[in-house]
Amino acid sequence: MASLPPFAWTLVEGGPEMRVSLVQLSVSDTESVDERRARVAGLVRRRVGDDVVVLPELWTTGAWAYVDWQAGAEPVDGPTVQVMAAAARSAAVWLHAGTLVERDGNGALYNTALVFDRTGALRATYRKIHRYGFDTGEAVLMAAGRDVVTIPTEFGDLGLATCYDLRFPELFRALVDAGTEILVVPAAWPARRREQWRILVRARAVEEQAVVLACCAAGSHSGVDQAGGSLVVDPWGTVLAEAGADEEVLTADVDVGSVAAIRAELPVLRDRVLAVPAPPAGHGGEPRGSGRL
Ligand SMILES: NC(=O)CCC(=O)C(=O)O
């Protein structure tokens, strides 16, 4: 009979501790994209000792500066990817570099998240599925992603969603079905709906019994004050760390083992009755990644 590996109980009882930093950037109209990119790279390079670093949504151009999106759009091998890859490698961290305006080979724009591993390799991209703006802004200027994206790490699987996606729990359920333990949500959420942001982030943690790393922008651009209020939430819904309204680096130690423990103690996900519905036809976007809605 094969013997058990040493310290097997340690693995079962306690989970991996993960040090995370959410870099809640102030995105202003006065800083150029080049200046901000260089500044952000410096902030990431200083995160030596962290395991996971997260940046907000559309921090290069600004999430509300629609008029700048065409000029600021990049392919996924453009300057932001190169600079962020080098920063992740320099700090030896997993880096969720927030999102950028991606221009694909056909000229379509996407709101695309980037995840690099500790060597600086680009391990995943996620094109935001739910576009904010109703009949304006992102909803008309950008194409929608279609793919549910998860990435395995030494701490568990990261599941990717962006800002407005928070309002669509079926995406988060699909991420959990794909194996996610740690939900990562970059955002540029307006200050006037900050309380909704806080409620939705905590709700996703409780309903999916997952860690949530939610990194929002701060500051004001294109006349929209950003909420800040980035959050690290455990699978019980407890807020482990919460940022104020201004630029800051929010650091927390997270016990990822709490995900398995809480899912075992309250096996809610086992009691599901309804399946995730298929999306409406013709919603746009190219297939890629580890699953589809
Ligand atoms: N950038 C966004 O997705 C904004 C979402 C938002 O403001 C909301 O859902 O409210």
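Start with the open sheet of six strands, ordered β5-β4-β3-β2-β1-β14 with mixed pairing. Strands here are DSSP runs (E, at least two residues), helices are DSSP runs too (H or I, at least four residues), and both are numbered from the N terminus. Two strands count as paired if DSSP finds at least two bridges between them. The model on your screen is predicted, so local features need pLDDT of at least 70 and side-chain atom pairs count only at pLDDT 80 or more, while totals for chains, interfaces and linings use all residues. For your selections, residues are numbered from 1 along each chain as its sequence is written.

Which strands stand at the edges of this sheet? Select 122-127 for β5 and 248-255 for β14: each has a single partner strand, so one side of each is left without a neighbour in the sheet. On average, neighbouring strands are turned by 25 degrees against each other, direction ignored. Angles on this tour are taken between N-to-C directions and run from 0 to 180 degrees, with axes as lines fitted to C-alpha atoms, for helices over the stretch in contact.

Show Val115 and you will find Ala124 of β5 opposite.

Next, pick 33-45 and 79-91. These are helices α2 and α4, packed at an angle of about 20 degrees with their axes 8 Å apart. The two are therefore roughly parallel; that label covers angles under 35 degrees, with over 145 roughly antiparallel, 65 to 115 roughly perpendicular and the rest oblique.

For another helix pair, go to α6 (169-177) and α7 (194-208), whose axes are 10 Å apart at an angle of about 40 degrees. That makes α6 oblique to α7. Here too, α6 passes α7 in a right-handed crossing.

Move on to another open sheet of six strands, in the order β6-β7-β8-β9-β12-β13, again with mixed pairing. Its edges are β6 (150-153) and β13 (239-242); each has a single partner strand, so one side of each lacks a neighbour in the sheet. From one strand to the next, the twist averages 15 degrees. Select 231-233 to see β12, which pairs with β13 in the antiparallel sense over three bridges. Leu231 stands opposite Glu242 in β13.

Last stop: the ligand. Around it are Glu57, Ala63, Tyr132, Cys163, Tyr164, Arg167, Ala188, Trp189, Pro190 and Arg193, each with its C-beta atom, placed from the backbone, within 6 Å of the ligand. How does this shell divide? Seven residues are nonpolar, none is polar and three are charged (nonpolar: Ala, Val, Leu, Ile, Met, Phe, Trp, Tyr, Cys and Pro; charged: Asp, Glu, Lys and Arg; polar: the others, Gly among them).

How values were computed:
A crossing is left-handed if the near helix is turned anticlockwise from the far one by less than a right angle, and right-handed if clockwise.
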